[in-house]
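Dear colleague,

Please find below the structure that I am handing over to you. My notes on what was found in it follow directly after.

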Amino acid sequence: SNPLHRQVHQDMEQPLCHYYIASSHNTYLSGDQLLSQSRADMYARVLQAGCRCVEVDCWDGPDGEPVVHHGYTLTSKIPFRDVAETINKYAFIKNEFPVILSIENHCSIQQQKKIAQYLKEIFGDKLDLSSVSTGDPRQLPSPQDLKGKILVKV
């Protein structure tokens, strides 16, 4: 493959909202959205393929542990913790630009607290906890400012 294709040639200093972001829908699914397997390694695959926004559908799981799957279907369930650990491992291997976790939250308050705990524990300093007021999109940080950071969108 051509090494030039792996280099960024755009100005990456503009507000984040000025860019198209490679996004993945139902990232955890290995096949169709009714019956297929949910697998944490799907996150590794899409992140290494250049995706910068991944979807995480969170639901209450057994023993107080949140799970990721496609709700109201027969897709298998994976622990949220496994998903976060996989994202942490693969987020910046091919590219340092920020990764956005698009969290679809269906959890009880108790399990939401567990998700927050895992996000802080697993991502550590990579987790961008700065809040952005959505009033003026021109105030958003740039991809350059957010290199190596994981953003949470709920």
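**Ser-102 and its surroundings**

Leaving aside neighbours within four places in sequence, Ser-102 is in contact with Cys-53, Val-54, Glu-55, Val-56 and Lys-153. Please note that the model is a predicted one. Ser-102 belongs to strand S4, which covers residues 99–105. Its relative accessibility is 15%, and since buried means under 20%, Ser-102 counts as buried. Between Ser-102 and Ala-44 there are 58 residues of separation in sequence, and their C-alpha atoms are 16 Å apart in space.

**The chain as a whole**

Three helices and five strands make up the secondary structure of the chain. Read from the N terminus, these elements follow the order α-β-β-β-α-β-α-β.

As to overall dimensions, the C-alpha atoms fill a box of roughly 45 × 40 × 25 Å along the principal axes. The radius of gyration is 16 Å, which agrees with the value near 15 Å that a compact globule of 154 residues would have. Buried residues account for 42% of the 154 residues. Of the contacts with a separation of 6 or more, 70% are between residues 24 or more positions apart.

The accessible surface of the chain is about 9,100 Å², and carbon and sulfur atoms contribute 52% of that surface.

**The aromatic pair**

How many aromatic pairs does a search of the whole structure find? The search returns one. This pair is formed by Trp-59 and Tyr-72 in an edge-to-face arrangement, with 5.1 Å centre to centre and 85° between the planes. The two residues are 13 residues apart and link distant parts of the chain: Trp-59 is in strand S1, whereas Tyr-72 is in the loop between S2 and strand S3 (78–79).

Are the two partners buried or exposed? Trp-59 is buried, because its relative accessible area is 12% and the limit for a buried residue is under 20%. Tyr-72, by contrast, counts as exposed at 79% relative accessibility.

**His-69**

His-69 is also placed in the loop between S2 and S3. With a relative accessible area of 7%, His-69 is buried. Not counting residues up to four places away in sequence, His-69 touches Tyr-28, Ser-38, Asp-57, Trp-59, Thr-75, Ser-76 and Lys-77. One of these, Trp-59, is the buried partner in the aromatic pair described above.

Which residues other than glycine have a positive phi? Asn-26 is one of them, with phi near 50°. Asn-26 lies in the segment before helix H1 (41–48) and is buried, its relative accessible area being 7%.

Asp-63 is another, with phi near 55°. Asp-63 sits in the loop between strand S1 (53–59) and strand S2 (67–68). At 77% relative accessibility, Asp-63 counts as exposed, because the term applies to values over 50%. Thus Asn-26 is buried, while Asp-63 is exposed.

With kind regards

How values were computed
Residues numbered from 1 in each chain as written. Predicted model: local features only at pLDDT ≥ 70, side-chain atom pairs only at ≥ 80, totals over all residues. Heavy atoms only, no water. Helix = DSSP H or I, 4+ residues; strand = E, 2+ residues; numbered from the N terminus. Buried < 20%, exposed > 50% of the residue type's maximum accessible area, 1.4 Å probe, protein only. Rg over C-alpha atoms; globule rule 2.2 N^0.38 Å. Contact = heavy atoms within 4.5 Å. Areas by Shrake-Rupley, 256 points an atom, 1.4 Å probe, with all protein chains shown as cover. Phe/Tyr/Trp six-rings, centres within 6.5 Å; stacked < 30°, edge-to-face > 60°.
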